[in-house]
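Please open the model in a viewer and keep the selection tool at hand.

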Amino acid sequence: MTEATQEQLNQRVPVERIKDASNYLRGTLVASLQDPITGALAEDDTQLSKYHGIYQQDDRDLRDERRKQKLEPHYQFLVRIRVPGGVCTPSQRLTIDRLANQYCNHTIRLTTRQAFQFHGILKRHLKSTIADINATLLDTIAACGDVNRNVMCTPNPEQSRLHAEVYETACKINQHLTPNTTAYHEIWLDNTLVASNKPDEEPIYGKHYLPRKFKIAVAIPPNNDVDIFANDLGFIAIAEADRLVGFNVTVGGGLSITHGEPETYPRLADVIGYCPKDQVLKVAEEIVKIQRDFGDRTNRKHARLKYTLDDRGIEWFKTELNQRLGCSLEAPKVFAFTSTGDSYGWVAGLDNTWSYTLFIENGRIADTENYRLMSALRAIAEIHSGDFRLTANQNLIIAQVSDAQKAAIDGLLQQYGLVKANQHSVLRRNSMACVAFPTCGLAMAESERYLPTLLDKLEPIINAAGLENEPIVLRMTGCPNGCARSVLGEIGFIGKAPGKYNLYLGANFTGQRLNKLYRENINEAQILAELTPIIQRYAKERQADERFGDFVIRTGYVNAVTAGKDFHA
Amino acid sequence: MPILLPGAEQTPLNAEQHRTAQQLIVGLSPEQLAWFAGYMTAQIVNNSTLPVNDLTIAEKHDAQITILVGSQTGNSSALALQIQTLANKRSLNAVIQHMEDYPLTQLKSAQFVLVIVSTYGEGEPPDNAKELYEQLLSKRAPSLNQTHFAVLALGDSSYEFFCKTGADFDQRLAELGATRILPRVDCDVDYEASAEAWMEDVLNALSSRLGAGAQQSAISAVPVFKTTASSYSRKNPFSAPLLEKIILNGRGSIKETYHIELSLENSGLSYAPGDALGVYPSNAPKLVDALLQALHFSSAEAVVIDAKQRAIGDALLHHYEITTITRPMLQKYATLAKLEALHQLLDDGHKEAFNVYCYGRDIIDLVTDFSVRHISPQAFVDCLRKQSPRLYSIASSLKRHPDEVHLTVAAVRYETYGRRRKGVASTFLADSVDENHPVPVYIHHNNNFKLPNDPAAPIIMIGSGTSIAPFRAFIEEREAMGATGKNWLFFGDQHFTTDFLYQTEWQRYLKKGVLTRMDVAFSRDQEQKIYVQQRMQERAKELYAWLENGATVYVCGDEKRMAQDVHTALQTIVAAESGNKDSAAYLTLLQKQKRYQRDVY
């Protein structure tokens, strides 16, 4: 890119200007953190903080009240902790628990991308929080921002040996694509030694990083719990005799859209080929670089890899990639996915260990009067010698439990009543909501705080229809950015305004087909009125093994979406 | 904002003259008005034998009566003006001297000295009286054989060292050989009646000594016209309607600080930043009921106050102070009660026991603990002090908010001895005042807390909690004036998130450059408490540089808990940065130059 175009870009796209002037993500963050008059960062720094895993938010419930009180918004920060592949140790889990209670709002959010998320951190506590996270050998760099984020991996506890291999690959990709800048260590860890004389370099990203966020997932069939097709780049593990041999490569997934702008659309990734396992890092790096060089930096709503692909064509992309690799990807191998959900409860692994998958409603770990989930998980972490795995469905797996420990952990699950969580309705256990109000700045409607209530009202309808054992993937987001992947729900809700949602139907059960808008801007009564007859009819007229998402297409409620570009058609 | 004359019936003008005068006034700029007023007054004073009311005589020769004033909040100054006017009416030659400008040696040649001085805190003299006070009580004090004197002491009997400064002056002047004209009079917060009686007595005594028709004062300077357009005053408060009441503390705060906006429309009242608003509170109706019940009175029973008959319920609600136990109150009550235990408490030997008893207790406890049978409502109210106004530093500038006055008020609520207690005035404002219940107010001018005349002069403001109020007024004023002087604000409170009073306003001023810098200390946001004085220490170098560049320092706040610490910090900073050990002298000089002003309580 020439100097002149960078200048034009800087004028047109504020984020590009901010990156350009940031000196490898430093900006004025240090000064912002020290400013005692405001709980906020300087405006430009709120963009840069994302690359350090930090979003500035405010309690939107209090915004108006505080304005009248002559107080600034109640600024607070979201900190996202990268947990590659979702695996962490009990001691890391305990540190996260302590920090949540010391500096945050006494809750931990498990995200849909296998990260821990803290909410409600005040500016003056940011540095200590980040330092303590790093001290426990986790980090927050590149958890957000126009870079590759936390690399996901199916936590698959049953196929232990295969998982170990695939997980290792996910970690390597995560490490390989972590930004090189020493700004993170300087700002948060007071560590200037790393950098002292050497100028920063970003051999993969360059000083302007990527045009937009970049997401990578690794799936181990038959589980598509990571929703591999929602990612910019995906690797589908191919095994022979329980040994990893390589990966099918998927490119061009991405779910976020903007209401009222049909030129934005969700897109599922295409499978473009197969690479042996030792080529994975090279393939990942070159794909990131293609997006770095060809992604549309002039329009952030058209900057994800999905648009680069559709604008230039998939064949162009393959040619470009093969050129850069110096060899061609092989033809994709056969694979099959059966589900995007988690299997709850105790499961035996191949290596004589046990694992327990616990349903966590909307991924929120907290203590309430009747359900002391946070305390329970702390008690388990204190005795557990295996690991914990965060699932892409915001649930938690207590993994690698030895025969000897199983009884003790089971005792704690009973003692704290955690077993009850897995007795929630099937519908609820297959549902997800994003955070939304009061902290998310993008939310247009409630999500996490509302979905449980909506489910309370849907459950009797499902039960009355005799569908209580039928899993239906139901997802809700408070805005169209898709954190909870609502366009992949067999029933999807996207917030439009307080109390109003778009209703989408017809995604498939394995995360391989997008849903379609069925009703726009409807309230709760309308939601129930619309869904009740469809549910009743599904109960009566479904074919053998026919999923809800397939049924609504066969019976004509919506047309199947076969390509992202047809989402609005 | 045009100046409005009071109604014609309140002026010596007839309707026609009133109309013409109003038209003239509306057309004049403030500068033109000031010149006009000054010039006309000077003409009248110089050419007429009419008595001159409401005039401050700026300087006099051959003054025979020296009115020596030490004032913290301005009450003493106001009384000095009052007695000077009365003296002038009697053709007595009297001059006002402020203690900070008065060399001790001059006392030797002063013939008649009337000392009016207040006491605050733990028996301390006002800031501007401290130097003279210390000199007078020191061994260096000269013999004063030629001097005659009388002392009017102001104070608050709810404090242990009631009127101590006045008493010290009184005792020391006598020790030094001066002749007492009258016994000292100690005034409580409801000081008007006793002060006026003292004035009458002292002027009678002086008239007889100096002879009636003593020579007319010679005037050598243009007098300062010292009247406002308002007919409202401490004696005749204005009922100010409530415009707005906001709690400034965010959710989760243990503080309850109100921003209160009152209308002064059509009151004619005006004020300058640094002035205070006098507020006449009513008592909490529930407390009145409890007291009536404890005393077995019905609220309709009649009592006579100032020759007017009122129901006791009404009297307790509006006219008397019914919380604080003062020594005089207890004395009167003890006489009624004839209880040995009470008399013992009042015994000089049991001061500590008295203090212990009063701490955390109110009159409701007294009448419950020491109940008296068959006391009459009249006898009871005669024990009480009259309800006195409370002063609040004004938080607004008239230039920015014409016809409005803003206050920053912390509601005081606490529990002692199993009873929930409420600060009288603060909870009156917080709980009782609403759109239908205006606030009786008057302006209390405070000349000891004023912006520098030079708009280019830098200022440093130090306050915490509600003592931020006058600084909001200062900054509003400086912004409205387009003053170019740099402004530095230190502010402290408990928590950043909930207690950063007027946060968004300060942010705006910082952004616009009106506020040059701001340093904040939130004491309870970290394990170790941090206060404003620590922030000052951290900025010592720069702070001293500002002082050297002519900055005026303003401190507003609690004397014991804050102002003292800030003073010590200033001393340390000056000593460290100047290398001069005598930082006390440096600060004293600043005080003399009016570059170190305090509004402390």
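The stops run from one chain as a whole, through the interface, to individual side chains.

**Before starting**

This is a predicted model, in which local features need pLDDT of at least 70 and side-chain atom pairs count only at pLDDT 80 or more, whereas totals for chains, interfaces and linings use all residues. Residues are numbered from 1 along each chain as its sequence is written, chains are lettered from A and ligands numbered from 1 in the order in which they are written, and side-chain values use heavy atoms, with hydrogens and water left out.

**Stop 1: chain B as a whole**

Of the 601 residues in chain B, 52% are buried. Here buried means under 20% relative accessible area, exposed over 50%, and partly exposed in between (1.4 Å probe, protein chains only). Among contacts in chain B with a separation of 6 or more, 77% are between residues 24 or more positions apart; contact means heavy atoms within 4.5 Å.

**Stop 2: the interface**

Next, show chain A together with chain B. At their interface, 15 residues of chain A are in contact with 21 residues of chain B. The area buried between the two chains is about 1,600 Å², with carbon and sulfur atoms giving 52% of it; buried area is the accessible area (1.4 Å probe) that two parts lose on being put together, summed over both. Select Ile37(A), Gln69(A) and Lys70(A): in chain A these lose the most area to chain B, together 43% of what that side buries.

A salt bridge is a side-chain nitrogen of Lys or Arg within 4 Å of a carboxyl oxygen of Asp or Glu. Select Glu65(A) and Arg251(B), which form a salt bridge with the closest N and O atoms 2.7 Å apart. Helix H5 (residues 63-68) of chain A supplies the largest share of the side of chain A that touches chain B, 3 residues. By class, that side has 5 nonpolar, 4 polar and 6 charged residues; Ala, Val, Leu, Ile, Met, Phe, Trp, Tyr, Cys and Pro count as nonpolar, Asp, Glu, Lys and Arg as charged, and the others, Gly among them, as polar.

Lys70(A) also belongs to a network of salt bridges that links it with Arg400(B), Arg472(B), Glu476(B), Glu479(B), Glu505(B), Arg508(B) and Lys512(B).

**Stop 3: salt bridges within chain A**

Over all chains, 93 salt bridges are found. Select Asp190(A) and Lys127(A), whose closest N and O atoms are 2.7 Å apart in a salt bridge. The pair links distant parts of the chain, 63 residues apart: Asp190(A) is in the loop between helix H9 (183-189) and strand E7 (216-219), and Lys127(A) is in helix H7 (residues 123-135). Asp190(A) is exposed, at 56% relative accessible area, while Lys127(A) is partly exposed, at 31%.

Now select Arg537(A) and Glu541(A), which meet in a salt bridge (2.9 Å, N to O). These two residues are separated by about one helical turn because they are 4 residues apart in helix H17 (residues 524-541) of chain A.

**Stop 4**

**Stop 5**

Select Thr552(B), in strand E23 (residues 552-557) of chain B. Thr552(B) is buried, with a relative accessible area of 3%.

Finish at Ser230(B), in the loop between strand E8 (224-225) and strand E9 (238-240) of chain B. Ser230(B) counts as buried, at 13% relative accessibility. Its side chain reaches the backbone oxygen of Ser267(B) at 2.8 Å, and a polar atom of that side chain lies 2.9 Å from the backbone nitrogen of Tyr232(B).

Notes:
Polar contact = N/O pair within 3.5 Å; in protein donor to acceptor, adjacent residues only side chain to side chain.
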